[in-house]
Amino acid sequence: MTFAATVLTLYPEMFPGPLGVSLAGRAMREGTWAMDAVQIRDFAADKHKTVDDTPAGGGAGMVLRVDVLAKAIDHARANHPGCPVIAMTPRGKPLSQERVRKLADGPGVIVLCGRFEGFDERIFEGREVEEVSVGDIVLSGGECAALMLLDACIRLLPGVMGAASSGHEESFENGLLEYPHYTRPQEWEGRLIPEVLRSGDHGKIAEWRKRRSEGDTRLRRPDLWERHTGVRVQSASGARHEVQDD
C-alpha cells in the first residue's frame, strides 16, 4: 500500500523539495509513497483568495481563517479518509520517534502548514487536528517542519532504508541516543578509533556500544535518560563527566 502524504500549504512549490532526492526520492518514484501539495488559497471564497485576517482582540500580524482551513482539510480528508491531520505549530506536542513510527505504520498523513501568526484556534476542535512541534523554535512557516516530519516517516517505510535492521539502533529508537560511530582511517590527526572497536570481539563491542549509548544519553539528554529509567539525573557538583572511550 502506498503511503499518502498530503500537505496543505500556501507554498506548494516547496514540495517535494529534498524529499524528491536520495532514498525518499527513489521510494517516491518506485511508488512506496506519494505526495500531494495542496494550495490552501484554492479554498478561499472571495476573488482575492484571502486566507487570513486580523487577530480578534487586536495585536500584530495576521491569523489564518478557520473557514478556509476547514475547507482545505475537508478536501484532503475526502481523498484520504483514513489519514490523521497534523498541524505543524510550536504550540504543539513535541514530535517523537514513537509518534513517527505510528504514522509510518498507517495509510499516510495530512500535514497542515501554518504561516503568519498561526491558526484560528477553533480549527483544532472543529476538525480534530493534532498539534505537533518539531522543537522549541519559531520558523517562518510550517513547511520546513512538515518536510522533517515526512522525512522521518518515509525512511521507516518498508524497503526505503534497504537492510531491515538499518534503523534499529539509531537515536531514539530504544529511548536512548545512539552510540558514536567511526570509520577509516584508523588514525586521524593523532586520534585513534577506540581499541575495542578494532578488537573483533563482538561481545565487547556490543557492551561498549550499549554503555556509550546509556552514558551519552545521561550526560547529553538527561530528560531522555529520566524517561528511560524513571530515575532523575542528579549531580552533587553539577559538573559533567566525560564518558571513557576505553
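How many bridges join β1 to β6? The answer is 5, and the two strands run parallel.

This is a predicted model, where local features need pLDDT of at least 70, side-chain atom pairs count only at pLDDT 80 or more, and totals for chains, interfaces and linings use all residues. Residues are numbered from 1 along each chain as its sequence is written, and side-chain values use heavy atoms, leaving out hydrogens and water.

**View 1. Five strands form an open sheet.** The order is β2-β1-β6-β5-β7, with parallel pairing. Strands (E, at least two residues) and helices (H or I, at least four) are DSSP runs, numbered from the N terminus. Two strands pair if DSSP finds at least two bridges between them. β2 (33-39) and β7 (130-133) stand at the edges with a single partner strand each, so one side of each has no neighbour in the sheet. Within β6, Ile110 is the bridge partner of Thr6.

**View 2. Helix α2 covers residues 66-79.** Its 14 residues reach 20 Å from first C-alpha to last, close to the 20 Å expected at 1.5 Å a residue. That expected span is 1.5 Å times one less than the number of residues. Its buried residues (under 20% relative accessible area, 1.4 Å probe, protein chains only) include Val68, Leu69 and Ile73. The buried residues of α2 pack against β1, β4, β5, β6 and α4.

**View 3. Thr9 lies in strand β1.** Thr9 is buried, with a relative accessible area of 0%. Contact means heavy atoms within 4.5 Å. Leaving aside neighbours within four places in sequence, Thr9 is in contact with Phe15, Val38, Gln39, Ile40, Cys113 and Glu143.

Note on methods: Buried < 20%, exposed > 50% of the residue type's maximum accessible area, 1.4 Å probe, protein only.
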